[in-house]
Structures are given as C-alpha cells and as structure tokens.
Amino acid sequence: MQMRNLAIATVVAVISLVSALPAAAQETVLLTIDLARAQADTELGADIQRQVTELEEQFRVNLQAGGDELQAALTEVQEQHEQFIITDEVFEQRMMELQQQDQQLRARYEVSTQAVQYARGRAAEAFFRAIYPDIEAEMDERNGTALAELNSLVASSEDIDITDDVVVRVNNRITELEV
C-alpha cells in the first residue's frame, strides 16, 4: 500500500512539475536548414560567391603574371648563357636571383590561398548573419525551438526543413551584401 501511495505521489509531483514548465520547455520543435543550398539558391548567396570568385581571380591573375615574368626571365638567362652572352658566374648569380623570386612567388601563392580561405569563412559568416532574421522569422512561424544543419543529421522528415522558405524570404528581402 505504501508503494502504491508513493507511486501516485511521484506521478502527481511529475505532472505538477511538467505543467509548471513553459510551453517551449515541454516540447522541442526541431527544424532543419541546408545552409549550403540556401547560399547556392539565394541571390544573396550568388552575390557573395561572385565576390569571392572575383578575389580568387585577382590572385590568380597576379600570380600568373608573376609566373610568366619569372619564366620569361629564366628563358632569357638560359638563352644568354647558351649563346655565351653572359659568363658562368653571371649565369649562376642570375639563377640564384630567379630562385629567390620563385620562392617569393610560392610564398605569395600560400598567402593568397590563405586569404581566399579566410574570405570564404568571412563570407559564410556574413551570409549567416544576413539571413538570420529570415531563419528566426521562419522558426517563429513554425514554433521552432531548435534548428539543426540538415547535413549533420542522419535522417529527418522533409516537413521540418525550412530551407526553401528561408530562400524565398531572403530573396524577397536582400540580394547583395559587401563582404
């Protein structure tokens, strides 16, 4: 009899605690978003991608020009050496200078690569900050209490994916962002 009374008292206590919790704490409504698709499918995402691509292209053009100049200088030095226009000593000195220029060009390539990676990270952050009001509005409309990146889930139902609705909201609100 005491066990039965204890069980009833425990159930009553749990029901009282649960009913005292706010509605959001009682039920978690998980929504998902595919941020990569949102970025790919929005005009804003396309604008940001265009800016990053332009930066990459600037670096590529500058590095290509440096490589072309280096190759031309190397060809010239080799031809001058083969035609006995310059001495072995001058040839070796010029080759050392060209090797230093090659190392500098390789260092510029590394810096450029890092700069593009940094720009991509900043662009992703800027994109998320820009679309957050739209995500928040969609979560409010669907009474969402948690949001997960769709690609981090093993499986999910399509009806909790807000990507398409966020894309529409973003395209209606913002199309450009300077990153």
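Modeller: The residue to look at is Thr-163, which lies in helix H6, a helix covering residues 163–173. The model is a predicted one, and what follows describes that prediction. Is Thr-163 buried or exposed? Its relative accessible area is 0%; because buried means under 20%, Thr-163 counts as buried.

Next come its neighbours. The side chain of Thr-163 makes a polar contact of 2.6 Å with the side chain of Asp-161. Leaving aside residues up to four places away in sequence, Thr-163 touches Thr-32, Ile-33, Asp-34, Arg-37 and Ala-38.

Now the chain as a whole. It has 179 residues, and 24% of them count as buried; Thr-163 is one of the buried residues. Among contacts between residues at least 6 apart in sequence, 81% join residues that are at least 24 apart. The chain exposes about 12500 Å², with carbon and sulfur atoms supplying 54% of that area.

The secondary structure consists of 6 helices and 2 strands. Read along the sequence, the order is α-α-β-α-α-α-β-α.

Elsewhere in the chain, helix H4 (residues 43–82) packs with helix H5 (residues 88–141). Their axes are 10 Å apart and form an angle of about 175 degrees, so H4 is roughly antiparallel to H5. The contact of H4 with H5 contains 22 nonpolar, 9 polar and 6 charged residues.

How values were computed
Residues numbered from 1 in each chain as written. Predicted model: local features only at pLDDT ≥ 70, side-chain atom pairs only at ≥ 80, totals over all residues. Heavy atoms only, no water. Axes fitted to C-alpha atoms, helices over the stretch in contact; angles between N-to-C directions. Helix = DSSP H or I, 4+ residues; strand = E, 2+ residues; numbered from the N terminus. Parallel < 35°, antiparallel > 145°, perpendicular 65-115°, else oblique. Nonpolar A, V, L, I, M, F, W, Y, C, P; charged D, E, K, R; others polar. Buried < 20%, exposed > 50% of the residue type's maximum accessible area, 1.4 Å probe, protein only. Polar contact = N/O pair within 3.5 Å; in protein donor to acceptor, adjacent residues only side chain to side chain. Contact = heavy atoms within 4.5 Å. Areas by Shrake-Rupley, 256 points an atom, 1.4 Å probe, with all protein chains shown as cover.
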